[in-house]
Amino acid sequence: MELILLGPPGAGKGTQSKLLETRYGVAQISTGDMLRAEVKAGSPIGLEAKTVMDAGGLVSDDILVRMIGERIHRPDCAKGFILDGFPRTVPQAEALDRMLHDTAVDLDAVIELKVDEAVLVERISGRFTCGKCGTGYHDKFKLPKKAGICDACGGTEFIRRPDDKAETVHARLEAYNVQTAPILPYYKAQGRLYAVDGMAEMNEVEAQIEAVLRKIGVPPV
Ligand code: AMP
């Protein structure tokens with residue numbers, strides 16, 4: 001299965017793609033996670049990307065296209081992948097089409113998580129993750145059961161993304177509206193675009209995505 005999840009920051013792409021990864025036996029590819037790993041490693045790509053990411057802008061298409069071109073050929077993608085955060089511009093979508101065409105792979109669907117922009121700032125600026133296992137939490141919607149201790153692994157260090165600050169979230173939403181939203185008509189014209197209600201409960205969103213996948217003939221493993 002080759003699937004793209006699209007939607008503004010905070011729409012739930014990361015949460016849903018992790019759930020689907022297990023259900024469908026494919027690799028979840030988050031370009032945001034890949035870039036954050038480069039920043040952490042202090043690599044040349046990371047150094048270039050950090051300033052742009054901290055400001056809520058988009059890293060250059062060249063870098064992203066090269067990263068994805070290499071990533072989708074790794075062995076864990078043998079049964080397919082879910083892209084979370086890529087493509088984010090029309091040139092990235094066009095480059096992906098060329099890559100898939102070259103390997104005779106067909107994109108199954110592009111699923112848009114539709115959300116009300118007003119809730120996104122609250123959703124994003126309250127989120128944090130366990131530094132050890134990556135489990136996600138939220139100041140208002142999902143605190144650890146025991147304060148300061150991760151429910152999943154007992155870890156006590158938590159991380160907040162520097163670009164999840166309210167000021168930066170506005171820039172990220174602007175980047176989505178101006179640079180990423182034009183991808184929607186691009187995939188609509190290909191007949192691959194489906195929308196689900198990203199405002200629904202997490203399990204309901206997952207059920208809606210699975211219903212789309214069933215409809216187009218992609219069963220879970
Ligand atoms: P995310 O974790 O998907 O919210 O991505 C975090 C940040 O990484 C974004 O705000 C961008 O600065 C950068 N980024 C991630 N994916 C892309 C992409 N496909 N194109 C350009 N920049 C990206």
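The axes of helix α2 and helix α4 (residues 61-71) cross at roughly 105° and come within 11 Å of each other. That makes α2 roughly perpendicular to α4, because angles of 65 to 115 degrees count as roughly perpendicular. The model is predicted.

Which residues of α2 meet α4? T31, M34 and L35 do, and their counterparts in α4 are L64, M67, I68 and R71. By residue class, the contact of α2 with α4 divides into five nonpolar, one polar and one charged.

Helix α2 (residues 31-41) also lies across two strands, β2 and β3 (81-84). Its direction is at about 65° to β2.

Those strands belong to an open sheet of five strands. The order is β2-β3-β1-β4-β8, and the pairing is parallel. Strands β2 (27-30) and β8 (193-197) stand at the edges. Each has a single partner strand, so one side of each is left without a neighbour in the sheet. From one strand to the next, the twist averages 25°.

Within the sheet, β1 (residues 2-6) and β4 (residues 109-114) run parallel and are joined by four bridges. Residue I4 stands opposite V110 in β4. In general, strands of a sheet pair through backbone hydrogen bonds.

| Pair | Angle |
|---|---|
| α2 and α4 | roughly 105° |
| α2 and β2 | about 65° |

Conventions. Residues are numbered from 1 along each chain as its sequence is written. This is a predicted model: local features need pLDDT of at least 70, side-chain atom pairs count only at pLDDT 80 or more; totals for chains, interfaces and linings use all residues. Side-chain values use heavy atoms; hydrogens and water are left out. Two strands pair if DSSP finds at least two bridges between them. Axes are lines fitted to C-alpha atoms, for helices over the stretch in contact, and angles run from 0 to 180 degrees between N-to-C directions. Contact means heavy atoms within 4.5 Å. Angles under 35 degrees count as roughly parallel, over 145 as roughly antiparallel, 65 to 115 as roughly perpendicular and the rest as oblique. Ala, Val, Leu, Ile, Met, Phe, Trp, Tyr, Cys and Pro count as nonpolar, Asp, Glu, Lys and Arg as charged, and the others, Gly among them, as polar.
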